[in-house]
Amino acid sequence: FRNKVFLLPIFIFFDKVIFCSESSKASFPKLFLHIIRNKSQCIYNGVDSNLINKSNSSIEPNHFKIVTVSRLIKTKNIAMIIKALKLINNPKLNLTVIGDGSEKNHLIELTKQLDLKKNISFLGEISRKEVYKHLAESNLFISMSITEGFPVAVLEALASGTPLILSNIGPHIEILKSKDCIKLVDKNSPNDLSKEVLNFFEIGDKEVKELRQKC
């Protein structure tokens, strides 16, 4: 409530209010949107696709690498990805977690408890150039976020040609338009996520190439 009160003068007196997605705009109270009805605009977050496409990495044969790039906080829902990996229980599947945050120690402990230390690596914060390298050499990108504005990491994965599984939240659905290299799953269902991961794992090389081109 306090934050809403502090935002109200901005919405009243500023000349223009910019949102990073239509979903972000829709999340605000109706009163706020009524106040700015003639002075709001949506400008989507973007990425430098030319820089991303310069990566020389390639996918290793007989190796299935999953990657997620995120702040390690509760709303990013990384624990669900780890639990889904446990449900699959396949030693050929590996998860690389890029990012740092307050949940890191908890996620590392969960990985130990589920006996997945050999399958999951935590890289912490790394340079964007290194992020692009990991995206380009990954078979799959996953984001199970509970809330987003307009996620840059998802856009970077698309620009890298990496197929995606995303949680069924508004901003992800907004990105999904005209993209058939993306699958949506319930953000609260490790079982649904594990099934989609297996679907990607089992498709042939020809389909994989087509998916990467569509991304």
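Visitor: Which residues lie nearest the centre of the second largest pocket?

Guide: This is a predicted model, where local features need pLDDT of at least 70 and side-chain atom pairs 80 or more, while totals for chains, interfaces and linings use all residues. Residues are numbered from 1 along each chain as its sequence is written, and side-chain values use heavy atoms, without hydrogens or water. A pocket is an open set of points on a 1 Å grid over the protein atoms alone, with protein on both sides within 12 Å along at least five of seven lines; a cavity is a set where a 1.4 Å probe fits but cannot get out, and lining residues have an atom within 4 Å of a point. The pocket's lining has 24 residues, and nearest its centre lie Val69, Ser70, Arg71, Ile98 and Ala153.

Visitor: Which elements each supply at least two residues of that pocket's lining?

Guide: Helices (H or I, at least four residues) and strands (E, at least two) are DSSP runs, numbered from the N terminus. The elements are E3 (64–69), H7 (128–136), E6 (140–143) and H8 (152–159).

Visitor: And the largest cavity, which element gives the largest share of its lining?

Guide: The count is 1 cavity of 30 Å³ or more, and the lining includes Ile81, Ala84, Leu85 and Ile88. Helices H5 (78–88) and H10 (190–202) each give two or more residues. The largest share, 4 residues, comes from H5.

Visitor: How are H5 and H6 placed relative to each other?

Guide: The axes, lines fitted to C-alpha atoms over the stretch in contact, with angles from 0 to 180 degrees between N-to-C directions, come within 10 Å and cross at roughly 10°. Contact means heavy atoms within 4.5 Å, and here Ile78, Ala79, Ile82 and Lys83 in H5 meet Leu107, Leu110 and Thr111 in H6. Angles under 35 degrees get a label of their own, so H5 and H6 are roughly parallel.

Visitor: Lys65 forms a salt bridge with which residue?

Guide: A salt bridge puts a side-chain nitrogen of Lys or Arg within 4 Å of a carboxyl oxygen of Asp or Glu, and the model has 4 of them. In this one, N to O is 2.8 Å, and the partner of Lys65 is Glu137.

Technical notes
Grid points are joined across faces, edges and corners, and a volume is the space filled by probe spheres set on the points. Angles under 35 degrees count as roughly parallel, over 145 as roughly antiparallel, 65 to 115 as roughly perpendicular and the rest as oblique.
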